Amino acid sequence: MRKNVIMIMSDDQGAWTLGCSGCPEAHTPNIDRLAETGVRFDNYFCVSPVCSPARASIFTGNIPSAHGIADWLDNGDIDASKYEVTRTPAYASEKEAINYLDGQLTYTDVLAENGYTCALAGKWHLGNSVQAQHGFSEWYTVPLGHSAYIDPPVIEDGEVIQGKGFITDLITDKTISYLKELGPKSQREDAPFYISVHYTAPHSPWGKLTQPAEWYDYYKDCKFDSVPVCEIHKNAVFSCESPYFAFGAEATEQDDLRRELLSGYFGAIAAMDRGIGDIYRELERQQLLKDIIIIFTSDNGMNTGHHGIWGKGNGTYPQNMYDTSVKIPFIMSCPGILGQNEVRKNLYSHYDLFPTLVDMLDLKLTKEEIMTIENLPGQSYYSQLKKEERDDEEKFVVVYSEYGPVRMLRNKDWKYIHCYPDGPDELYDLSHDPDEENNLINDPAQKMRINRMKFELERWFFNYVDPNRDATKDNNFGKGQIYLAGTAAKGRENFKKDPSVGIPYLDAIELMKQEIAKYNIPTEKK
């Protein structure tokens with residue numbers, strides 16, 4: 001019997017946020033159970049530290065400068081004027097539906113060709129959210145990349161409707177309904193399934209008026225001592241909520257607001273974890289656990305005060321590549337094939353997932369698909385998972401990431417970040433400075449290392465960049481992509497710039513209030 005697959009993806013969740021990775025505030029017993037029954041990757045990285053390009057890289061196995069989604073999408077998800085529930089300020093920038101991944105091969109395309117029923121429950125945010133695409137035949141999603149937690153609009157069967165309830169529970173319930181339909185069929189006949197469970201949690205908003213009260217009560221006495229409090233980063237931009245300003249919040253004082261927002265962030269993770277437990281119990285009930293691969297990951301990391309940032313890669317300008325932004329949780333559970341309660345220390349990237357799934361599932365490919373996958377930057381790590389990891393392997397693994405004009409090369413001990421065209425660049429000695437506090441880019445003793453790492457970075461990207469989609473050539477400020485990237489834009493504006501870029505963080509708050517006002521956030525607890 002062929003293996004079924006469930007891919008659980010959270011939104012804006014750093015690797016530091018799980019109980020099994022040592023976070024004392026995290027309430028994640030069900031995610032921790034997946035780690036106990038499988039393999040937890042301690043050094044897994046996103047391909048870009050923001051949602052849409054990161055997600056596109058997961059599905060295509062390619063980098064943003066090849067698949068063409070280089071920032072979070074702020075247009076192209078939906079033609080908001082067509083639907084009554086989207087004629088609100090939250091959808092003001094959504095003028096048209098754009099299939100951003102047209103012409104790209106995704107692993108779900110290959111799964112569908114191999115007889116898998118592919119189902120989506122949750123966030124898409126890769127363009128034209130109303131249309132099922134790239135091998136998916138079951139489609140339940142939200143219109144945009146951000147979503148209200150309570151009563152959000154949802155898309156089902158090609159219709160945009162007003163949802164009722166807590167979005168985390170709605171995604172869980174839809175997943176379980178898929179399992180009740182697809183699970184028995186997969187056991188009766190050769191009819192494997194793949195389900196993408198894309199929670200919107202723990203993406204903001206985090207204020208008390210935006211989520212159910214349960215988890216705020218759970219965390220009411222928590223001081224969140226493990227989460228750092230730092231001075232505002234010198235390059236910080238207003239990209240999400242922070243202790244200096246938030247919407248849907250009750251607290252007004254900085255310390256109280258910080259605790260309220262962290263309660264919302266960790267509470268959203270805990271609520272999602274409970275949903276994952278419900279999904280796991282349904283798999284147990286149907287005795288499907290022996291024939292399934294369960295993956296848990298996030299699209300990108302998150303800072304909630306780390307480095308003086310509240311946000312991810314676009315929490316600063318130029319965009320940042322701190323480990324808290326680019327390192328993400330990744331767990332793979334597959335009893336009978338993979339070990340249990342293993343922790344892998346080697347470095348891996350989301351661009352490795354596509355070839356790994358092809359390998360693990362022994363998928364049949366056309367000659368054209370074989371050539372496409374062979375030319376991807378990632379490699380299958382399935383064979384590595386079947387043998388014990390050696391300590392010396394870590395030293396030779398390099399991962400790469402990019403966001404707009406910023407590119408990163410990272411190995412076990414060093415990280416080099418290059419910002420085109422003129423910097424500022426960064427170099428960190430991770431073995432002695434794991435928190436990336438001491439930038440060595442101007443250290444004369446590191447000149448040879450910098451030159452060598454810059455050469456390696458540019459050579460690698462030269463091999464995988466599509467010159468027509470080179471992300472370093474567009475004016476990407478981390479404020480949203482609104483049309484096709486590179487030459488495909490044909491001169492049309494394709495990336496947003498708002499007044500907060502280049503302005504000190506606290507000064508930008510007032511300028512951002514109009515932007516924040518467009519979000520459709522509930523004003524009452526439900």
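**A strand covered on both faces**

Both faces of strand β16 are covered: Trp414, Tyr416 and His418 on one side are buried, and so are Lys415, Ile417 and Cys419 on the other. Buried here means under 20% relative accessible area, with exposed over 50% and partly exposed in between, using a 1.4 Å probe and protein chains only. The strand spans residues 414–419, and six of its six residues are buried. Strands are DSSP runs of E with at least two residues, helices are runs of H or I with at least four, and both are numbered from the N terminus.

Before we go on, a word on the model: it is predicted, so local features need pLDDT of at least 70 and side-chain atom pairs count only at pLDDT 80 or more, while totals for chains, interfaces and linings use all residues. Residues are numbered from 1 along each chain as its sequence is written, and side-chain values use heavy atoms, leaving out hydrogens and water.

Now let us look at the partners of β16. Two strands pair if DSSP finds at least two bridges between them. Strand β15 (residues 406–410) pairs with β16 in the antiparallel sense, over five bridges. Three residues separate β15 from β16, and the two strands form a hairpin.

Strand β17 (residues 426–429) is joined to β16 by four bridges, and these two strands also run antiparallel. Here you can look for Ile417, which stands opposite Glu426 in β17. This is again a hairpin, with six residues between β16 and β17, and Gly423 in the turn has a positive phi of about 85°.

Elsewhere in the model, a buried strand residue can be seen at Thr141, which lies in strand β4 (residues 136–141) and has a relative accessible area of 1%. The side chain of Thr141 reaches the backbone oxygen of Gly122 at 2.6 Å. A polar atom of that side chain also lies 3.4 Å from the backbone nitrogen of Trp124.

Note on methods: A polar contact is a pair of N or O atoms within 3.5 Å; within protein, one must be able to donate a hydrogen and the other to accept it, and residues adjacent in sequence count only if both atoms are side-chain atoms.
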